[in-house]
Amino acid sequence: MLTLHRATTVVPGPTAPPITDGAVLVDGAVVAAIGSYAPVPGVRVREWSGLLVPGLRNPWGRWLLETAYHPDPREELGAEPLLVEVTEDRRGPSARRGLQRMLAHGTTAVAGPFEYPAVRTAVARSGLTPLPGDGLAPLPADTARGGLDPLAGVPFADAVHRPLAVGGPADFAVFDAASVEELERRGAGCCLATVLGGRLLHRRR
């Protein structure tokens, strides 16, 4: 199915100029076209008031998913990752919640490696792209963000997983920001939606 994602501004990649009233046409799991918005008969349209950019890469994936614990909302412990002992029966559910919270920050790729089978399974089922890593990336200085924000202390150009390109994967996110500069100031917590493989996997309520 074809879906046209129209946004206030589209920035296909770190070196690409912004497209005002831009759009990304998605055909299944891939990008079919990028450019200024124009109606396409018979195509589903999603309209976003914000900045559409490529999906982000979180370099702290191993810490987030194998060291930290992501509380269940019913525990009333907040939504930030906690440094507490994670038992084996809680590891999988914690990782799944952590991955959902990554999607809520525009993350489409996460750095490993991942040691625990429950975590590897959660990552595989989430659709996020696992990337090689040393597992030792230092956490951002702003620890209040708990490592969930790929833009914490990281420039946009370094946080992008891969630029959007025709024929490439339809992995992108929309943020409540008017420009890349504003996004860097506000951080990825202003994510409105995350699309992974053409599927809308997160949408802010």
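**Cysteines and backbone notes**

Buried here means under 20% relative accessible area, exposed means over 50%, and partly exposed lies in between, with a 1.4 Å probe and protein chains only.

This is a predicted model, where local features need pLDDT of at least 70, side-chain atom pairs count only at pLDDT 80 or more, and totals for chains, interfaces and linings use all residues. Residues are numbered from 1 along each chain as its sequence is written, and side-chain values use heavy atoms, with hydrogens and water left out.

Next I checked C190. C190 is buried too, at 4% relative accessibility.

How many disulfides are there? I took a disulfide as a pair of cysteine sulfur atoms within 2.5 Å. The count comes to zero. The closest cysteine sulfur to that of C190 is in C191, 7.5 Å away, so the two are too far apart for a bond.

Then I turned to the backbone. Most residues other than glycine have a negative phi, and most peptide bonds are trans. I logged two entries against that background.

The peptide bond joining G112 and P113 is cis, with omega about 0°. I placed P113 in the loop between β6 (107-111) and α3 (117-126). Helices (H or I, at least four residues) and strands (E, at least two) are DSSP runs, numbered from the N terminus.

D21 is not a glycine, yet its phi is positive, about 50°. D21 sits in strand β2 (residues 19-27). I have D21 down as partly exposed, with a relative accessible area of 30%.
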